[in-house]
Amino acid sequence: MRIRVLHDTIYTYEQPARGLIQVLRLTPRDHDGQHVREWRIEPSVDGRLTAREDGFGNIVHWFTADDAAEALTVRVTGEVETFDTSGIVRGGVERLPEPFYLRDTSLTLPSAEIQAFAGKATAGGDQSRLSVLHRLLEAVHERIEFEPGPTSASTTAMESFEVGKGVCQDLAHIFIAAARHLEIPTRYVSGYFLHDDDGEDPSAGHAWAEALLPDLGWIGFDAANGVSATEAHVRVAIGLDYLGAAPIRGSRVGGGTEKLEVRLKVDEPQRGQSQTQSQGTQRQSQG
Amino acid sequence: MALAKAFDEMTGPGDALAGAAVRDAYDALKSWLDTTPPEHFNTRRSQAEMLFRRIGITFAVYGSSDSTERLIPFDIIPRVLTKPEWSFLERGLKQRVTALNMFLNDIYGAEECIKAGVIPADLVYRNQHYQMEMRSFRVPHDLYVHIAGIDIVRTGENDFFVLEDNARTPSGVSYMLENREVMLRLFPELFSRHRVAPVENYPDELLATLRSLAPQSATRDPTVVLLTPGRYNSAFYEHSFLADKLGVELVEATDLFTKDDVVYMRTTEGPRRVDVIYRRLDDDFIDPLVFRPDSVLGVPGLMNAYERGNVTLSNAVGTGIADDKAVYSYMPEIVKFFTGEEPILHNVPTYRCREKEAFSYVMDNLKDLVVKEVNGSGGYGMLVGPHATRREIEEFGRRLKHAPDGFIAQPTLSLSTCPTFVASGVAPRHVDLRPFVLAGADEIRIVPGGLTRVALKEGSLVVNSSQGGGTKDTWVLDA
């Protein structure tokens with residue numbers, strides 16, 4: 001399947017902002033399930049854009065602007081060919097040892113409630129890791145209501161679990177917290193998701209999780225959609241949590257308050273179908 | 001109360017103040033104590049306090065409601081080490097810090113010690129202080145720990161143990177320097193009777209160390225700065241004191257910026273390139289683009305400049321793992337593996353609560369053990385079993401049960417005592433020693449002695465200043 005992405009992140013500053021630095025984790029890499037046909041990152045103001053790799057193996061662009069800017073748009077355009085691998089991620093870049101992905105972070109710390117939930121959701125029945133993970137996936141999908149609004153980019157798994165609501169980022173965090181509590185190496189994935197024609201989900205960046213299976217390797221689990229990762233998923237960056245894989249982290253001097261708008265179109269080039277959605281001031285992945 | 005009769009620095013295993021034989025190193029000091037009229041001591045003690053107040057040396061105590069800053073009590077009776085004792089410690093410290101550096105270089109590089117099973121993989125990789133960013137580049141001169149404070153305790157004539165390796169931002173060296181200065185002013189006669197090795201050269205040694213660590217890209221005259229979190233930090237006094245002594249700029253994050261992967265300092269004459277940053281700020285806060293995004297104490301882009309080899313951070317990022325008390329328990333094996341030698345300085349036997357058997361032993365023996373958080377420091381959140389109430393032990397047991405991985409336990413050591421002025425006169429109080437080890441690209445430097453901390457409460461074994469400890473001048477006798 002071919003998936004085309006057009007992704008604008010638009011910052012507007014109250015006053016001109018100086019010393020802009022943007023750290024962009026917006027470039028996918030190849031693995032057996034996806035081939036990047038073309039990909040471009042274009043900031044709207046003059047500056048330097050350099051690509052490097054971070055500790056996870058993500059491609060990271062550092063953008064630093066030369067002059068003060070009143071607004072900045074980071075435009076991402078690209079096309080990826082994806083293949084159905086039943087969610088298995090192989091042939092990608094692996095830089096970190098597996099136990100690293102058992103580490104708790106403040107966004108994915110399991111509360112006593114999440115621990116109990118993880119235990120209950122996976123108790124009894126087939127105790128193979130794959131089966132345990134599928135039951136956990138289903139349980140998170142059932143338990144947490146998909147609802148943009150009550151949570152933000154800095155909401156922890158604990159908090160969103162308590163309100164029982166959240167967006168794809170929150171569901172991924174809860175899944176990760178629970179799986180790590182079960183001593184399963186798990187990580188956060190940020191990327192894009194191509195919705196069905198009738199998909200009602202608001203579509204901004206998407207997020208899901210990957211868990212490690214002894215024989216199969218890493219498998220994508222999308223708690224927001226309640227499925228393993230499919231051909232419709234474009235995998236961009238990984239991290240221990242949202243923070244490690246965040247599409248954009250930035251800093252600036254001055255500029256006052258900023259307004260952030262995201263415009264995203266994910267479609268199949270030959271069919272030309274698309275969804276467009278913009279969001280307000282949060283940077284959260286909303287898929 | 002102390003468990004058993006502790007080794008006394010002045011009288012050895014004998015009874016401290018009951019006319020027991022005095023160890024040679026303390027001969028002159030003992031007769032000085034015996035022959036000086038008590039009023040003289042009282043006068044000098046209040047002069048010492050005045051001097052410290054004038055210098056303004058204070059220490060903020062976290063979680064203390066009465067005052068945010070207070071004076072750390074200073075005791076005028078010095079702690080004395082003989083030259084052979086110090087030579088032994090010095091050799092041991094050099095070996096230990098060499099091994100720590102090889103270990104850190106290895107866990108962020110070739111990972112030989114993990115492959116060889118010297119230390120369990122998950123203890124390294126799951127550690128919050130293991131910074132995976134450090135895997136992708138080599139730090140300047142392959143050195144991670146440049147300034148270490150190694151806490152040493154003594155239990156007998158020849159029995160020294162390392163209690164903790166402080167490899168992040170160890171503090172206390174300003175007290176070592178101030179204590180000596182005050183002693184020289186108050187008791188010049190003592191220094192004419194003893195040949196005490198100087199410590200005043202510490203700032204020179206530190207500056208030489210920092211300069212030696214400058215990246216290849218730096219000029220022959222590298223610019224060194226001291227980065228502080230600011231005046232609300234508990235050790236801010238020390239930061240400004242050291243910057244002053246070193247003759248380098250004391251900077252906060254807002255004084256620095258990065259451009260094209262180079263760090264600059266804002267000066268009245270325009271931006272000036274910075275080569276070495278002696279940072280007294282934890283990893284988590286140094287760059288909001290890489291670590292905590294809410295940190296306002298860090299410099300955006302600093303890690304990038306670091307990774308590009310354009311600046312040296314002292315200590316390196318990621319040294320916290322060597323501070324971890326569970327990792328500490330593997331230090332004997334780590335020293336052997338990397339240096340090929342037997343460790344000169346011994347560890348205190350340590351029970352790792354993450355191991356089932358050790359955990360149940362610890363739970364059964366809480367009343368006899370010292371239990372510490374693996375990531376804790378400053379004496380916060382620890383249990384000293386023999387001094388705890390039943391309720392404290394029960395409460396601690398519950399915490400321990402909840403997260404065994406987070407704790408280690410050690411037998412309660414009978415730390416050596418040193419004569420100390422207290423309300424009732426001179427009495428033995430437990431002490432430890434924190435020597436400061438400087439590992440530069442050229443050599444390892446250690447100023448003789450270090451900071452002696454003393455637990456002022458009778459029988460107390462907790463010497464941390466945050467827990468009511470005081471300090472003493474530490475003498476290494478040259479002859």
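Please begin with Tyr192(A): which residues does Tyr192(A) touch, not counting residues up to four places away in sequence?

Reply: Not counting residues up to four places away in sequence, Tyr192(A) touches Val5(A), Gly205(A), His206(A), Val234(A), Val236(A) and Val266(A). The structure is a predicted model, and the description below should be read accordingly.

Tyr192(A) belongs to strand 9 of chain A, which covers residues 186-193. Tyr192(A) counts as buried because 26 C-beta neighbours lie inside 10 Å, where 20 or more are required. A further position for reference is Thr9(A): Tyr192(A) and Thr9(A) are 183 residues apart in sequence, and their C-alpha atoms are 14 Å apart in space.

The domain division of chain A gives these contacts a context. Domain 1 of chain A consists of residues 2-82 together with 246-279, and domain 2 of chain A spans 88-245. Taken over C-alpha atoms, the centres of the two domains are separated by 23 Å. Their contact draws 27 residues from domain 1 of chain A and 30 residues from domain 2 of chain A. On the side of domain 1 of chain A that touches domain 2 of chain A, the elements giving two or more residues are strand 1, strand 5 (69-82), strand 15 (258-267) and strand 16 (276-279) of chain A. Strand 1 of chain A gives the most to this side, with five residues. By class, this side of domain 1 of chain A has 11 nonpolar, 12 polar and four charged residues.

Val5(A), one of the residues touched by Tyr192(A), is also a contact of Val76(A). Val76(A) is found in strand 5 of chain A. Val76(A) likewise counts as buried, because 21 C-beta neighbours lie inside 10 Å. Leaving aside neighbours within four places in sequence, the contacts of Val76(A) are Val5(A), His7(A), Leu26(A) and Ile41(A). Val76(A) and Trp39(A) are 37 residues apart along the chain, and their C-alpha atoms are separated by 7.4 Å.

Chain A also contains a pair of packed helices. The axes of helix 1 (residues 112-122) and helix 2 (residues 129-143) of chain A come within 9 Å and cross at roughly 120°. Helix 1 of chain A and helix 2 of chain A are therefore oblique to each other, and their crossing is right-handed. From helix 1 of chain A, Ala118(A), Ala121(A) and Thr122(A) meet Val132(A), Arg135(A), Leu136(A) and Ala139(A) in helix 2 of chain A. The contact of these two helices has five nonpolar, one polar and one charged residues.

The account now turns to the partner chain. In the contact between the chains, 15 residues of chain A meet 15 residues of chain B. On the side of chain A that touches chain B, strand 1 (2-27) and strand 14 (248-253) of chain A are the elements that give two or more residues. The largest share of that side, three residues, comes from strand 1 of chain A. The residues on this side of chain A divide into nine nonpolar, three polar and three charged.

Chain B is divided into domain 1 (1-204 + 322-348 + 414-479), domain 2 (216-310) and domain 3 (351-412). The C-alpha centres of domain 1 and domain 3 of chain B lie 24 Å apart. Their contact takes 12 residues from domain 1 of chain B and 13 residues from domain 3 of chain B. The side of domain 1 of chain B that touches domain 3 of chain B comprises five nonpolar, five polar and two charged residues.

Within chain B, helix 8 (residues 202-212) and helix 9 (residues 236-246) pack at an angle of about 80°, with their axes 9 Å apart. That angle makes helix 8 of chain B roughly perpendicular to helix 9 of chain B. Pro203(B), Leu206(B) and Leu207(B) of helix 8 of chain B make the contact with Leu242(B), Lys245(B) and Leu246(B) of helix 9 of chain B. By class, the residues of this contact are five nonpolar, no polar and one charged.

Finally, Thr258(B) lies in strand 8 (residues 256-259) of chain B. Thr258(B) is buried, since 25 other C-beta atoms are within 10 Å. Leaving aside neighbours within four places in sequence, Thr258(B) is in contact with Val263(B), Val299(B), Pro300(B), Gly301(B), Leu302(B), Asn304(B) and Ala305(B). The C-alpha atoms of Thr258(B) and Pro140(B) are separated by 19 Å, and the two residues are 118 residues apart along the chain.

Terms used
Residues are numbered from 1 along each chain as its sequence is written. Chains are lettered from A and ligands numbered from 1 in the order in which they are written. This is a predicted model: local features need pLDDT of at least 70, side-chain atom pairs count only at pLDDT 80 or more; totals for chains, interfaces and linings use all residues. Axes are lines fitted to C-alpha atoms, for helices over the stretch in contact, and angles run from 0 to 180 degrees between N-to-C directions. Helices (H or I, at least four residues) and strands (E, at least two) are DSSP runs, numbered from the N terminus. Angles under 35 degrees count as roughly parallel, over 145 as roughly antiparallel, 65 to 115 as roughly perpendicular and the rest as oblique. A crossing is left-handed if the near helix is turned anticlockwise from the far one by less than a right angle, and right-handed if clockwise. Two residues are in contact if their C-beta atoms, placed from the backbone, lie within 7 Å. Ala, Val, Leu, Ile, Met, Phe, Trp, Tyr, Cys and Pro count as nonpolar, Asp, Glu, Lys and Arg as charged, and the others, Gly among them, as polar. A residue is buried if 20 or more other C-beta atoms lie within 10 Å of its own, exposed if 12 or fewer, and partly exposed in between; C-beta atoms are placed from the backbone. Domain bounds come from an automatic or database domain assignment.
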